[in-house]
Amino acid sequence: MNKLSVTDLFSLERYARERAAFRTKVLEHKRARQLAVGPHTTWLFEDRLTVQYQVQEMLRVERIFEPEGIEEELASYNPLIPDGRNWKATLLIEFPDEQERRRELSNLKGIEDRCWVQVSGQEKVFAIADEDLERENDEKTSSVHFLRFELTPPMIATLRGGANLGVGIDHPHYSHSVAAVSAATRQSLIADFS
């Protein structure tokens, strides 16, 4: 997948005019790329469109219009776009109650390294997590992690051939899986290997 450049982005003025329609398009697109894995984690598989939306929103909120600032945002977010042999996902750990969240984030240290994907008939592929910076300290893990899953050519071919895709987390304090993602999600994710 091609990385984003300045020419792919809307100006602030144009984005203000087109934001509602663009947001609707992106939210619909995200539906097929989002998975609940157990009751407290959501995975969002990123791609060029989801990253463009994130960049556009950051530029809007921060009112960034100077070329250097735009390039900084692109440099921060472009690494989240898959490169044709992997998936990149944002892992969100969600506990609405603040005290429970604090306690659970302490219990879930290392969860980002225990996330996996598995093409039917193939071995599990565990995530390479948080390559940009450390998101865990001595006391707790972060509620947001960035994951990369590297698939082999045979895994990709098997997936394209119709094999099921499972995902999960094998952590001592949080062990959940989805045996087979929906057909819509599978098709959306296969597009990342074009």
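Predicted model: local features only at pLDDT ≥ 70, side-chain atom pairs only at ≥ 80, totals over all residues.
**Ground rules.** I number residues from 1 along each chain as its sequence is written, and my side-chain values use heavy atoms, with hydrogens and water left out.

**Entry 1, α1 and α2.** I took helices (H or I, at least four residues) and strands (E, at least two) as DSSP runs, numbered from the N terminus. The axes of α1 (residues 12-31) and α2 (residues 48-62) come within 10 Å and cross at roughly 145 degrees, where axes are lines fitted to C-alpha atoms over the stretch in contact and angles run from 0 to 180 degrees between N-to-C directions. With contact meaning heavy atoms within 4.5 Å, I found residues including L12, Y15, F22 and V26 of α1 meeting residues of α2, among them L49, Y53, Q56 and L59.

I looked for sets of buried Ala, Val, Leu, Ile, Met, Phe, Trp, Tyr and Cys residues joined through side-chain atoms within 4.5 Å, with buried meaning under 20% relative accessible area, exposed over 50% and partly exposed in between (1.4 Å probe, protein chains only). The largest such core has 34 residues, and W43, W87, V117, F149 and L151 have the most contacts inside it. Among the elements that give two or more residues to this core are β2 (41-46), β7 (144-150), α5 (153-160) and α6 (183-190), but β3 gives the most, with four residues. Leaving aside neighbours within four places in sequence, I see L151 in contact with R85, W87, V117, V119, I156 and F193. Apart from this core lies another, of eleven residues, which includes L4, L59, I64 and Y77.

I paired rings of Phe, Tyr and Trp (its six-membered ring) if their centres lie within 6.5 Å, calling planes under 30 degrees apart stacked, over 60 edge-to-face and the rest tilted. The structure holds eight aromatic pairs. One of them, F10 with Y15, is stacked, at 6.1 Å centre to centre and 20 degrees between the planes; F10 is buried at a relative accessible area of 15%, and Y15 is buried at 1%. The rings of F10 and F22 have centres 5.4 Å apart and planes at 85 degrees, so I logged this pair as edge-to-face. Because F10 lies in the segment before α1 and F22 in helix α1, the pair ties together parts that are twelve residues apart in sequence. I also noted one aromatic cluster formed by W43, F45, W87, F149 and F193.

I then looked up S188 by itself: its relative accessibility is 14%, so it counts as buried, and, leaving aside neighbours within four places in sequence, S188 is in contact with A32 and R33.

R63 is found in the loop between α2 and α3 (67-77), and at 62% relative accessibility R63 counts as exposed.
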